[in-house]
Amino acid sequence: MKGFPTKQENEQIEVQLLLEAIYQKHGYDFRNYSRAHIMRRLSHRLKVSGFKTYLEMIEAVLYNPSYFDHLLADLSINVTEMFRDPGFYKLLREKVVPVLRTYPYLKIWHAGCASGEEVYSMAILLKEEGLFDRTQIYATDFNQNVLQRAKDGIYASKFMKEYERNYEDAGGGKSLNDYFTTKYDSSIVDQSLKKNIVFSDHNLVLDGVFGEMNLIMCRNVLIYFDKQLQNRVVKLFLDSLSNGGTLCLGSKESLKFTHYANFFETFDEKQRIYRKNYQA
Amino acid sequence: MSVICKSLPVSFRLPIIVVQHMSARYENYLTVILQKQTKLKVKEVDEKEVVRKGIIYIAPPNYHLLLEGDKTFSLSVDEHVCFSRPSVDVLFETAASVYRDKLIGIILTGANKDGAEGLRSIKESGGLTIVQNPKTADVANMPTAAIERAHPDYILNIDEIGPLLSKINSY
């Protein structure tokens with residue numbers, strides 16, 4: 001017979017129940033996210049809420065309609081920047097763009113686009129390479145608030161200096177500021193860049209295939225998922241890519257431990273760019 | 001770190017996980033330097049990798065390193081903690097909740113307070129805590145903060161740490 005559970009064991013049970021409650025009540029599924037990551041976020045929210053146990057948080061999630069908004073914001077923070085990992089964008093420009101150029105029409109999916117910085121980075125890169133007009137970009141995220149911020153394309157001017165450096169390191173020949181209008185503390189993305197971008201609600205954990213894409217960008221999202229969920233999402237990407245389509249992951253992410261590694265060839269190991277093998 | 005690595009025997013089995021604050025622009029630098037000091041394998045962590053004996057793991061730059069309940073590594077790009085990413089606090093706190101009293105936390109020279117809270121977590125979870133003597137460290141801020149916050153079990157000079165680890169390893 002099992003001994004009496006320790007405090008830590010009880011806490012794990014409560015957290016499991018909390019994630020189940022969130023799923024059943026609000027429809028968001030965090031049950032297969034990296035548990036260490038979830039615990040950091042939850043323990044922060046626990047302190048801020050002044051709760052002693054996660055049981056109190058379950059109560060709030062179920063009975064306090066506005067409480068979940070805070071929790072959702074906590075659980076879906078994604079820190080991003082324009083031209084993040086400039087080396088990646090440089091390689092994209094030099095090695096992947098020539099491949100994309102052979103297609104008359106392009107469909108690109110940014111899965112988990114957060115507040116949109118990387119979407120606009122891609123738009124700028126495509127524009128400079130003369131590919132923007134033939135491209136339809138789909139930018140999706142499951143968090144409505146963050147998706148709205150992406151649609152707005154308004155960023156704090158204080159970051160623009162760093163973003164400008166990233167842009168240059170990524171091989172940009174103009175100035176990043178050319179694509180923005182700065183008013184006081186805010187820099188607003190040019191309307192012209194939004195023309196071929198559709199922002200839409202999509203949840204990688206729950207939703208299905210997104211159509212036949214030439215390129216899928218999903219950088220630093222998979223790290224938050226456990227192995228089981230990573231497999232689900234990689235399969236989703238595999239099914240959403242056209243033959244020879246390109247999948248771009250974050251600089252420390254890999255297909256190596258997933259079940260689907262053999263369906264891809266490694267296009268660039270260092271920058272984590274993969275291409276879907278041709279299937280009959 | 002070099003001093004410690006050099007002094008560890010080839011039979012050292014305990015996995016070592018290293019977080020060092022450094023710019024993302026210096027890729028591989030630490031891994032290459034440390035590998036020259038030891039016959040133990042030195043490698044940068046791969047996402048979802050299982051923690052194995054006898055390996056010295058280096059946290060990749062610009063990501064937080066976390067430990068999961070199933071003894072695998074997770075990465076995160078959350079906000080900086082104590083102005084740092086990777087943050088020592090993040091690694092130590094997650095490691096403490098996974099390994100509890102089967103963990104040794106070591107704080108060496110450093111310029112900010114990152115790691116002080118994390119070392120306290122390790123101590124509270126029953127682990128062993130060691131801090132480099134601030135008087136002989138290159139930069140005293142980090143060890144001093146750690147001593148103040150965590151009341152470590154040992155305060156040692158850099159050349160005393162390796163031998164202590166070797167002794168523990170032989171138990």
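Select B:Val18 to begin, and then B:Ile58, which is its bridge partner in strand E3 of chain B; strands here are DSSP runs of E with at least two residues, helices are runs of H or I with at least four residues, and both are numbered from the N terminus. The model is a predicted one, in which local features need pLDDT of at least 70 and side-chain atom pairs count only at pLDDT 80 or more, while totals for chains, interfaces and linings use all residues. Residues are numbered from 1 along each chain as its sequence is written, chains are lettered from A and ligands numbered from 1 in the order in which they are written, and side-chain values use heavy atoms, with hydrogens and water left out.

Next, select residues 55-58 of chain B, strand E3, which runs parallel to E1(B) and is joined to it by 3 bridges; two strands pair if DSSP finds at least two bridges between them.

Now move to chain A and select helix H2 (residues 35-49) with helix H4 (residues 67-75), which pack at an angle of about 140° with their axes 9 Å apart; axes are lines fitted to C-alpha atoms, for helices over the stretch in contact, and angles run from 0 to 180 degrees between N-to-C directions. Finally, display the side chains of the contact (heavy atoms within 4.5 Å), including A:His37 and A:Arg41 of H2(A) and A:Tyr67 and A:Asp74 of H4(A).
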